[in-house]
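This report walks through selected local features of one protein model, strand by strand and residue by residue. Please keep the sequence and the structure in view while reading.

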Amino acid sequence: MDKDFIHRFTKADVELTAQVSPCVWMHRDYPLQIRLEMKDGGFAFKQQKGVTWEQTTEAHVVALAESIGVCACSRCGKPAFDPATVETNRNGLCEKCFLSDLNAEYEAAKKKQEAAIKRRDARQKKVGFTHRVTAWVHPAAGGDDYQVDIYWKGEPTQAEIQAQLKKEGSCVRTDYTIVAL
C-alpha cells in the first residue's frame, strides 16, 4: 500500500479525509493510526492496535475510518467528531466552538497571570527595585527551558544580565526583556 494512502468519504453529509499517519510507516512496531479531517475544520486520530504497517491493507484503513462517527456539536449543531467513536479532547464540540472555549480559557489565564505580575512588581517597587528582567533560561545541560524574573535596583547592564543568566546555567544569554517598574 502507498505511504500516502488517502480515503475520502461522506458521513452525515460531512466530507471527511482519512490518511495513514507517518508514524505508522516510520516506526516498525507502531500500530495502524489514521488522521481523520473534516472538510470544514477539525481532526482526530484513531489507532487499530495489533496491525502494523507491514500488515496494513486498504481495507484496514477504510474500516478504521468508517468506524469514526460524526455528531452535531452540543453547542451550535455543526458537525463534530462523535466522542463515542473516537478519543478527542473536543468532547462533542465542533472545531469552532472548541477553539472559542480554548481561547477564552487562555485569555482568562493570561489576565490572571498579568495581574499577579503587576502585584509582585508593585511589592518589589515598594522595597526599592526599579527594574524587572524577564528571561528564558535555556539549560546548557539540556532539558526544558524555563522563565525567570529577576529584580534589580537600577537599570541592569547587558553584562550583568548575562552574568546572572550564566549563574542560572543558561547557554543562551540574550533571551530577555527589561521592564522598568
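## Cys71 and its surroundings

Which residues does Cys71 touch, not counting residues up to four places away in sequence? With contact taken as heavy atoms within 4.5 Å, Cys71 touches Lys78, Pro79, Ala80, Phe81, Asp82 and Pro83. Cys71 lies in strand β5, residues 70-72, where helices (H or I, at least four residues) and strands (E, at least two) are DSSP runs, numbered from the N terminus. The C-alpha atoms of Cys71 and Asp82 are separated by 5.1 Å, although the two residues are 11 apart along the chain. Cys71 has a relative accessible area of 23% and is therefore partly exposed, given that buried means under 20% relative accessible area, exposed over 50%, and partly exposed in between (1.4 Å probe, protein chains only).

## Basis of the values

This is a predicted model, in which local features need pLDDT of at least 70 and side-chain atom pairs count only at pLDDT 80 or more, while totals for chains, interfaces and linings use all residues. Residues are numbered from 1 along each chain as its sequence is written, and side-chain values use heavy atoms, with hydrogens and water left out.

## Cysteines without disulfides

A search of the whole structure finds zero disulfides, a disulfide being a pair of cysteine sulfur atoms within 2.5 Å. For Cys94, the closest cysteine sulfur is that of Cys76, and because it is 3.6 Å away it is too far for a bond. Cys97 is likewise in no disulfide, its nearest cysteine sulfur being that of Cys94, 3.7 Å away. Cys94 counts as buried, at 3% relative accessibility, and Cys97 also counts as buried, at 10%.

Strand β1 (residues 6-11) pairs with β2 in the antiparallel sense over six bridges, two strands being paired if DSSP finds at least two bridges between them. Within this pair His7 stands opposite Ala18 in β2. The two strands form a hairpin with two residues between them, and Ala12 in the turn has a positive phi of about 55 degrees. In a regular strand the side chains alternate between the two faces of the sheet. In β2, the covered face holds Val14, Leu16, Ala18 and Val20, whereas Glu15, Thr17 and Gln19 make up the uncovered one.

Strand β2 (residues 14-20) is in turn joined to β3 by five bridges, and these strands run antiparallel; here Gln19 stands opposite Arg35 in β3. Strand β3 (residues 32-38) is mostly covered, with five of its seven residues buried. On to strand β4 (residues 43-48), β3 is joined by six bridges, again in an antiparallel arrangement, and Arg35 stands opposite Phe45 in β4. β3 and β4 form a hairpin with four residues between them, in whose turn Gly41 has a positive phi of about 115 degrees.

A search of the whole structure finds one cavity of 30 Å³ or more, where a cavity is a set of points, on a 1 Å grid over the protein atoms alone, at which a 1.4 Å probe fits but cannot get out, and lining residues have an atom within 4 Å of a point. About 50 Å³ of space lies in the largest cavity, a volume being the space filled by probe spheres set on the points, which are joined across faces, edges and corners. The residues that line the largest cavity include Met38, Gly41, Phe43, Thr88, Arg90 and Cys94, and β6 gives the most to this lining, with three residues.

Thr88 is found in the loop between β6 (79-81) and α3 (95-126), and at 18% relative accessibility Thr88 counts as buried. A polar atom of the Thr88 side chain lies 3.3 Å from the backbone nitrogen of Arg90.

## Glu168

Glu168 is found in the loop between α4 (158-167) and β9 (176-180), and at 28% relative accessibility Glu168 counts as partly exposed. Leaving aside neighbours within four places in sequence, Glu168 is in contact with Val137, Tyr146 and Val148. The C-alpha atoms of Glu168 and Lys3, which are 165 residues apart along the chain, are separated by 46 Å.

Terms used
Polar contact = N/O pair within 3.5 Å; in protein donor to acceptor, adjacent residues only side chain to side chain. 1 Å grid on protein atoms, 1.4 Å probe; cavity = no way out; pocket = protein on both sides within 12 Å on 5 of 7 lines; lining within 4 Å.
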